[in-house]
Amino acid sequence: MESMARGGTRWKRFALVMVPSVAATAAIGVGLAQGALAASFAVSGQEFKVTAGKLVGSGFSQYGGVDMGYKDLKGDEKVAHPVAISTFKNASITKMCQSVVTDVPFVGKITLKLTAGDKGTAVQAEKLYLDVSELDANAKFKNIDIGVAAKDTDNPGTGKGPAVKDTSILPNGFAQQAEEVELTGVEQKAWATTAGTFELSGLSMRLHKGDGPKVECY
């Protein structure tokens, strides 16, 4: 990824600073009015954690949106979750980890932990969409555009990201896009992930009793 140094932008810590929370909050009204979902399904009442040693992506864009989902693990009440939608035409991920904690009656907290891409072959994804509420990482971008309208990030000739499939976004709202992005030391919380294809090499899934950094991804 040395080619990214020329015409590129480096940020030591990337914490969703490029998608103002006001955009995501305003998008709630749009999403509710249209009955729209950022994810193509009602999300569960649980956020999950994801880490990655490195994510290298091409065709990147990011904008605010809304996920509609269940309020918690009980009942049918749904609420709106503001999210930053990070999208990639193609992505390669090494040392990926995903974990979620469930409080099981009469058993206690159980952590479901999934790892992949840590045995020499990276996880590969196409048309990847991450609906994220928190993200920390070291970031490097190639040919980045900051302040582009969200609806234009997939325009032929000028747009750099994959198709804008989510009607919950503010079409003229703030977005950013880049030809390539490299994220290292990734830690994030998300409500949903969708992809056209998702190849997980060296997939391992385990259940652990308890929660916290020792059994979760972080």
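Q: Is Lys49 buried or exposed?
A: First, a word on where the values come from: this is a predicted model, where local features need pLDDT of at least 70, side-chain atom pairs count only at pLDDT 80 or more, and totals for chains, interfaces and linings use all residues. Residues are numbered from 1 along each chain as its sequence is written, and side-chain values use heavy atoms, with hydrogens and water left out. Buried means under 20% relative accessible area, exposed over 50% and partly exposed in between, using a 1.4 Å probe and protein chains only. Lys49 has a relative accessible area of 18%, so Lys49 is buried.

Q: Over the ring of which residue does the charged end of Lys49 sit?
A: Lys49 is found in strand S2; strands (E, at least two residues) and helices (H or I, at least four) are DSSP runs, numbered from the N terminus. A charge sits over a ring if NZ of Lys or CZ of Arg is within 6 Å of the ring centre and within 35 degrees of the ring normal. Here the charged end is 4.8 Å from the centre of the ring, and that ring belongs to Tyr218.

Q: Which side chain does Lys49 join through a polar contact of 3.3 Å?
A: A polar contact is a pair of N or O atoms within 3.5 Å; within protein, one must be able to donate a hydrogen and the other to accept it, and residues adjacent in sequence count only if both atoms are side-chain atoms. The side chain of Lys49 reaches the backbone oxygen of Tyr218 at 3.2 Å. The side-chain partner at 3.3 Å is Glu216.

Q: Which cysteine forms a disulfide with Cys97?
A: A disulfide is a pair of cysteine sulfur atoms within 2.5 Å, and by this rule the count comes to one. Cys97 lies in strand S4 (residues 96-104) and its partner in the segment after strand S8 (204-209), so the pair ties together parts that are 120 residues apart in sequence. Both cysteines are buried. With the sulfur atoms 2.0 Å apart, the partner is Cys217.

Q: What is the handedness of the disulfide of Cys97 and Cys217?
A: Look at the torsion about the S-S bond of Cys97 and Cys217. That torsion is about -85°, so the disulfide is left-handed.

Q: Which residues do ring pairs link into a cluster?
A: Rings of Phe, Tyr and Trp (its six-membered ring) pair if their centres lie within 6.5 Å; planes under 30 degrees apart count as stacked, over 60 as edge-to-face and the rest as tilted. A search of the whole structure finds two such aromatic pairs. The rings of Phe60 and Phe88 have centres 5.3 Å apart and planes at 45°, so that pair is tilted. Together, the ring pairs link Phe60, Phe88 and Phe141.

Q: How many residues apart are Phe60 and Phe141?
A: Phe60 is buried, with a relative accessible area of 3%. The rings of Phe60 and Phe141 have their centres 5.7 Å apart and their planes at 45°, so this pair is tilted. Phe60 is in strand S2 and Phe141 in strand S6 (residues 123-149), which puts the two apart by 81 residues.

Q: Which residue's side chain does a polar contact join to that of Lys109?
A: Lys109 has its place in strand S5 (residues 108-116), and with a relative accessible area of 40% Lys109 is partly exposed. The contact is 3.3 Å, and the partner is Asp211.
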